[in-house]
Amino acid sequence: MKAFMLGWEFPPFISGGLGTACYGLTKAMGRLGMQIAFILPKGRISGYTGPVKILSAEGSIKTEEASEFENVSFHRITSPLRPYVGSSGHQPYSQQRSTRYIRSWQSEGSGQGQNYPQDMAAQVRRYAAKAVEIATVEDFDLVHAHDWMTYPAGIAVAMSNGKPLIVHVHSTEFDRSGEHVNQGIYDIERQGMHLASRVIAVSNYTRNIIASRYGVSPEKVEVVYNGIDHDIGNNGVSAYALPVKTDRIVLFLGRITMQKGPEYFLAAAKKVLEKIDNVKFVMAGDGDMTHRMVEYAAYLGIGHKVLFTRFLQGTDVDRAYQMADLYVMPSVSEPFGIAPLEALKHNVPVLISKQSGIGEVLTHALKVDFWDINQMANKIVAVLKLPVLRRILQENGHSELCKFSWQDAATKIKGIYERVITGP
């Protein structure tokens, strides 16, 4: 059984949980003996060496963890693509259909909003065209596409090869943009979900959005929770020499954008500082709201108590967790939420919004509605003032990590593959 897998990011080229999820799933699926051809867009050159080091610059890529990915072949799209000539008589009919789809989806209203780069549509279109080309030399049983950026490619490859399509929803346009959705992105998501043989959602929270907002039958949607790598030794955490703390540290780590609720974090911080003075709030991440949040912290009069680190990666992320006394995820809409699991792995108690997928299955975490800044502040104060509460959340939360395994997620996906290929 072999999957033609389409992803948009992969370590070390990541900007969020999508890359982390693709890495964990792919490695676990390979361990189960599943064959995967993973298609990736070109990543920018980076000095950072993550869990996968890209060793070749063209075509297929290799990783320094070759033994971990022995059943996975990676293909990287590395150059601008010449447009397909859809009217060419030399292409089979199915190839013509997929090419026309690639060229037409943008013209059907996918103008870019402020949450997306101006050339995103062109990038997605080139990626789709190249994926169809790669698919002509690959043998596979089904197509597996992660998130909307790869749905046009998934549809095109499925059309071209007559193989079933599975779309994996890690996030929806309603999560990213609220009610002010980019109509073109929504249309791509909806078409991908309806044309797919099966839809995988990362939580029941997301499954409900797919059913209510996209009109997809709930029976077609299967929930596969994300996992976390369970490393050996010291809970998978390296010890770093950290500066001596004089203040408590409350950590926000994620994209500083509307979806993640950064303004609610700062509003709650203001209320916490009215009760406790020796606290600092760290906002680790970057996004379209970064400068507005710097200004907002100044407006609230707490700028001297808030540290903006910008985007962190690798060991800097570990250091941020190790310095934290509490991790807060105030997301407005969070399909899953891998970061709380990473915090618990570092023995950091967590406070998460009720509007999250992880809240369905994580018991030993404080939970609050993202908009309720009074309750958010009260719970932050409780954790900082009550060592017993903090220790209980640490110990019980860490013990809960065994419920989240990439191997379990991969096993469920393997079962979905088998049902799609062989039928009910």
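Here is a short walk through this predicted model, from its nonpolar cores to a pair of helices and some salt bridges.

Let's begin inside. The largest nonpolar core has 97 residues, and F4 and Y327 touch the most other members. Helix 3 (residues 120-135) gives this core its largest share, eight residues. Apart from it lies another core of 32 residues, including F265 and M376. Back at Y327, the residues it touches include L251, F252, L253, Y321 and V350, leaving aside those up to four places away in sequence.

Next, look at two helices. Packed helices are described by the angle and the distance between their axes. For helix 4 (residues 151-161) and helix 6 (residues 183-195), the axes come within 9 Å and cross at roughly 35 degrees. Their crossing is left-handed. On the helix 4 side, Y151, P152 and I155 meet I188, E189, Q191, G192 and L195 of helix 6. These contact residues divide into five nonpolar, two polar and one charged.

Finally, follow the charges. Side chains of opposite charge can pair when their charged atoms come close, and this structure holds 14 salt bridges. One of them joins R176 and E173 at 3.1 Å, N to O; both residues lie in helix 5 (residues 173-177), and both are buried. Another joins R419 and E222 at 2.6 Å, linking helix 14 with strand 8 across 197 residues. D325 and R248 also meet in a salt bridge, at 3.2 Å. D325 sits in the loop between helix 10 and strand 12 while R248 is in strand 9, so the pair ties together parts 77 residues apart in sequence. Of these two, D325 is buried, with a relative accessible area of 9%, whereas R248 is partly exposed at 28%.

Methods
Residues are numbered from 1 along each chain as its sequence is written. This is a predicted model: local features need pLDDT of at least 70, side-chain atom pairs count only at pLDDT 80 or more; totals for chains, interfaces and linings use all residues. Side-chain values use heavy atoms; hydrogens and water are left out. Axes are lines fitted to C-alpha atoms, for helices over the stretch in contact, and angles run from 0 to 180 degrees between N-to-C directions. Helices (H or I, at least four residues) and strands (E, at least two) are DSSP runs, numbered from the N terminus. A crossing is left-handed if the near helix is turned anticlockwise from the far one by less than a right angle, and right-handed if clockwise. Contact means heavy atoms within 4.5 Å. Ala, Val, Leu, Ile, Met, Phe, Trp, Tyr, Cys and Pro count as nonpolar, Asp, Glu, Lys and Arg as charged, and the others, Gly among them, as polar. A nonpolar core is a set of buried Ala, Val, Leu, Ile, Met, Phe, Trp, Tyr and Cys residues joined through side-chain atoms within 4.5 Å. Buried means under 20% relative accessible area, exposed over 50%, partly exposed in between (1.4 Å probe, protein chains only). A salt bridge is a side-chain nitrogen of Lys or Arg within 4 Å of a carboxyl oxygen of Asp or Glu.
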